[in-house]
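Welcome! Take a moment with the sequence and the 3D view below, and then let us walk through a few of the details together.

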Amino acid sequence: MARVEYLSRAEAGPDRTSLYDRLERERKVPTANIFLALANAPEILDGFLTYANALRTADLDPRLRELAILTVGHCTSCEYEIAHHHSHAMKAGVTEEQYVAVPEFGTSPHFGEVERAVMAFAKASTLNVDVSDEVWSKCCQFLSDRQMVELAVTVAWYASGVRILGALKIELEDKYRK
């Protein structure tokens with residue numbers, strides 16, 4: 001059970017109508033539990049949406065972004081993150097075989113050098129915080145400075161997201177359960 005209430009539009013009150021309009025315009029309907037929980041702090045939810053949207057419009061290849069996010073989800077055993085990013089990954093061009101193979105990316109034949117470099121970066125940053133020069137250099141062979149910054153921020157952002165999910169005990173919605 002979540003530690004905070006999932007606030008519906010009606011429960012949030014008329015002063016948050018524009019925030020719920022934004023949620024419904026920018027995100028899937030019905031609204032995900034993480035957003036309903038964050039609605040308890042409306043200014044934070046608004047900033048959360050803006051930040052996440054900026055990451056989605058970054059120069060970093062969306063397929064690489066989603067592989068990095070899925071790697072964060074697997075490194076932290078976050079079922080919510082993994083389930084919610086399945087559809088995003090598929091839209092970005094990740095294959096079902098790759099989606100399933102994320103935990104074994106280092107040895108899986110479903111990934112090339114670029115994907116492995118990005119996923120190794122995501123794993124190192126998530127588990128160790130510091131990223132070794134070796135892991136960094138490998139990514140730099142494929143990504144520009146701008147894309148490296150975007151990758152670092154994306155991994156950090158989603159690592160913070162799984163911590164929010166864990167701290168608030170946000171439950172995975174039934175439609176995402178297998």
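The sulfur of Cys78 lies 12 Å from the closest cysteine sulfur, that of Cys75, which is too far for a bond. Cys140 has a cysteine sulfur at 7.0 Å, in Cys139, and this closest one is also too far for a bond. A disulfide is counted when two cysteine sulfur atoms lie within 2.5 Å, and the structure holds zero of them. This is a predicted model, where local features need pLDDT of at least 70 and side-chain atom pairs pLDDT 80 or more, while totals for chains, interfaces and linings use all residues. Residues are numbered from 1 along each chain as its sequence is written, and side-chain values use heavy atoms, leaving out hydrogens and water.

How open to the outside are some of these residues?

| Residue | Relative accessible area | Class |
|---|---|---|
| Cys78 | 9% | buried |
| Cys140 | 31% | partly exposed |
| Phe121 | 2% | buried |
| Trp136 | 35% | partly exposed |
| Ser77 | 66% | exposed |
| Val129 | 64% | exposed |

Ser77 has a positive phi of about 55° although it is not a glycine. Its place is in the loop between α5 (62-75) and α6 (79-92); helices here are DSSP runs of H or I with at least four residues, strands are E runs of at least two, and both are numbered from the N terminus. Val129 likewise is not a glycine and has a positive phi, near 70°. Val129 sits in the loop between α8 and α9.

Now for the rings. Rings of Phe, Tyr and Trp (its six-membered ring) pair when their centres lie within 6.5 Å; planes under 30 degrees apart are stacked, over 60 edge-to-face, and the rest tilted. The count by this rule is four aromatic pairs. One of them joins Phe48 and Trp157, a tilted pair with 4.8 Å from centre to centre and 45° between the planes. This pair links distant parts of the chain, since Phe48 is in helix α4 (residues 42-56) and Trp157 is in helix α10 (residues 145-168), 109 residues apart. Both Phe48 and Trp157 are buried. Phe121 and Trp136 have ring centres 6.0 Å apart and planes at 50°, so this pair is tilted. Phe121 belongs to helix α8 (residues 113-128) and Trp136 to helix α9 (residues 133-140), so the pair ties together parts 15 residues apart in sequence. Ring pairs also link Phe35, Phe48, Tyr51 and Trp157 into a cluster.

Where is there open space? A pocket is an open set of points on a 1 Å grid over the protein atoms alone, where a 1.4 Å probe fits, with protein on both sides within 12 Å along at least five of seven lines; lining residues have an atom within 4 Å of a point. The largest pocket holds about 430 Å³ of space, a volume being the space filled by probe spheres set on the points, which are joined across faces, edges and corners. Its lining has 25 residues, and Ile34, Phe35, Arg56, His84 and His88 lie nearest the centre. Helix α6 gives the most to this lining, with six residues. The second largest pocket has a volume of about 160 Å³. Among the residues lining the second largest pocket are Lys28, His84, Tyr99 and Arg177, and α6 supplies the largest share, six residues.

Technical notes: Buried < 20%, exposed > 50% of the residue type's maximum accessible area, 1.4 Å probe, protein only.
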